[in-house]
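Biologist: I'd like to learn how to read a protein model. Could you walk me through it?

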Amino acid sequence: MTAPPRVLTVAGSDSGGGAGIQADLKTMLALGTHGMSVVTAVTAQNSVGVQGFWELPVEAVRAQYRSVVDDIGVQAVKTGMLASAALVETVAELIAGTDAPSVVDPVGVSKHGDSLLAASALDSVRSKLLPAATVATPNLDEVAQLTGVEVTSEDGLRRAADAVLAYGPQWVLIKGGHLRGDAVDLLTDGSEEHVLRAPRHDNRHTHGTGCTLASAIASQLAKGQSVPEAVMAAKEYVTGAIAEGFALGGGIGPVDHGWRFR
Ligand SMILES: Nc1ncnc2c1ncn2[C@@H]1O[C@H](COP(=O)(O)OP(=O)(O)O)[C@@H](O)[C@H]1O
Ligand SMILES: Cc1ncc(COP(=O)(O)OP(=O)(O)O)c(N)n1
């Protein structure tokens with residue numbers, strides 16, 4: 001049997017299974033790739049919020065990464081929750097030294113408003129992590145936190161993209177999921193531009209959208225697609241997963257990573 005394309009997620013664990021490492025591995029399976037993980041932090045999390053988190057030591061993150069990359073190898077890497085400046089800098093150095101495309105989701109705050117990244121790590125995200133990214137995928141809150149650019153309508157997506165590109169990623173996908181109306185995202189490398197538009201699903205069970213989109217992009221890149229092709233395929237996958245998001249617990253349920261199998 002031929003091995004499927006190999007994708008590595010470097011992210012936090014979500015005990016509720018909707019976001020983080022758990023969302024990433026489900027997405028990778030759904031898209032036909034072999035998912036592998038470097039755990040950066042463990043969250044106690046459910047449908048109503050994040051009750052606590054614990055970071056792993058830098059040496060534990062570095063050792064997991066080396067174990068995977070040096071033996072198994074990777075065809076794409078995705079990063080998510082990195083929690084601290086020390087972990088951001090370690091992971092930035094690791095992905096910059098890996099010969100595979102990287103999708104950087106600069107996770108700042110969860111949907112419930114719980115911080116997943118220390119304020120003291122923002123400078124390291126700007127100066128070390130974003131320059132190492134093949135594609136960066138900030139949401140609008142993360143754009144504001146990192147660049148100071150506030151976007152309240154589709155017209156502002158281009159300004160946000162320029163502000164993030166100034167930090168050096170090859171491509172940026174600005175996610176407009178927090179706006180009203182259609183779910184519109186903007187992908188650009190500064191010369192080429194793609195607007196990705198999908199109908200907004202009136203479904204409150206959207207926990208894990210950002211993690212799912214970023215790991216879907218990484219999966220498609222690992223299969224050999226170009227960045228625009230990978231982002232378009234990933235947008236279609238996440239839109240279907242949001243349409244089928246389901247209630248779990250008393251709050252916001254997860255998107256359905258397995259929607260294509262049902
Ligand atoms: N209600 C929705 N209906 C359809 N697409 C959505 C909806 N909410 C978010 N999206 C899309 O989901 C993806 C993730 O965006 P977003 O939710 O903004 O990310 P994050 O989880 O990082 O906050 C984007 O492609 C966005 O346009
Ligand atoms: C462990 C962990 N990592 C990332 C997130 C944020 O995930 P995201 O896909 O942006 O989804 P929401 O939390 O915004 O629904 C997380 N919650 N936990």
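Modeller: Let's begin with strand pairing: two strands pair if DSSP finds at least two bridges between them. Helices (H or I, at least four residues) and strands (E, at least two) are DSSP runs, numbered from the N terminus. This is a predicted model, where local features need pLDDT of at least 70 and side-chain atom pairs count only at pLDDT 80 or more, while totals for chains, interfaces and linings use all residues. Residues are numbered from 1 along each chain as its sequence is written, chains are lettered from A and ligands numbered from 1 in the order in which they are written, and side-chain values use heavy atoms, leaving out hydrogens and water.

Biologist: What is the bridge partner of Lys78 in S5?

Modeller: Look across to S5 and you'll find Val103 as the partner of Lys78. S4 pairs with strand S5 (residues 102-104) in the parallel sense, over 3 bridges. Strand S1 (residues 6-14) also runs parallel to S4, and 4 bridges join the two. There, Thr9 has Lys78 of S4 as its bridge partner.

Biologist: Where do the side chains of a regular strand go?

Modeller: In a regular strand they alternate between the two faces of the sheet. Take strand S4 (residues 76-79): Ala76 and Lys78 point one way, Val77 and Thr79 the other way, and all are buried (under 20% relative accessible area; exposed is over 50%, partly exposed in between, with a 1.4 Å probe and protein chains only). Now try S7, where 5 of its 5 residues are buried. Trp171, Leu173 and Lys175 cover one side, and Val172 and Ile174 the other.

Biologist: In which sense do S7 and S8 pair?

Modeller: Antiparallel, over 4 bridges. Lys175 stands opposite Asp185 in S8. With S6, on the other hand, S7 pairs in the parallel sense over 2 bridges, and Ala136 has Val172 as its bridge partner in S7.

Biologist: Is Arg180 buried or exposed?

Modeller: Arg180 is exposed, with a relative accessible area of 81%. You'll find Arg180 in the loop between S7 and S8. Its C-alpha atom is 8.9 Å from that of Thr152, although the two residues are 28 apart along the chain. For contrast, go to Ser219 in helix H7. Ser219 is buried, at 0% relative accessible area. Leaving aside neighbours within four places in sequence, Ser219 is in contact (heavy atoms within 4.5 Å) with Val7, Met28, Leu31 and Thr33.

Biologist: How many residues of H8 are buried?

Modeller: 12 of the 17, so H8 is largely enclosed by the rest of the structure. Among them are Val227, Pro228, Ala234, Tyr237 and Ile242. These buried residues of H8 pack against several elements, including helix H1 (20-30), strand S7 (171-175) and helix H7 (209-222).

Biologist: By what are two packed helices described?

Modeller: By the angle between their axes and the distance between the axes. Here, helix H3 (residues 85-96) and helix H4 (residues 122-129) pack at about 10°, with axes 9 Å apart. Axes are lines fitted to C-alpha atoms, for helices over the stretch in contact, and angles run from 0 to 180 degrees between N-to-C directions. H3 and H4 are therefore roughly parallel (under 35 degrees; over 145 is roughly antiparallel, 65 to 115 roughly perpendicular, the rest oblique). At the meeting place, H3 brings Ala85, Val88, Glu89, Ala92 and Ile95, and H4 brings Ser124, Val125, Lys128 and Leu129.
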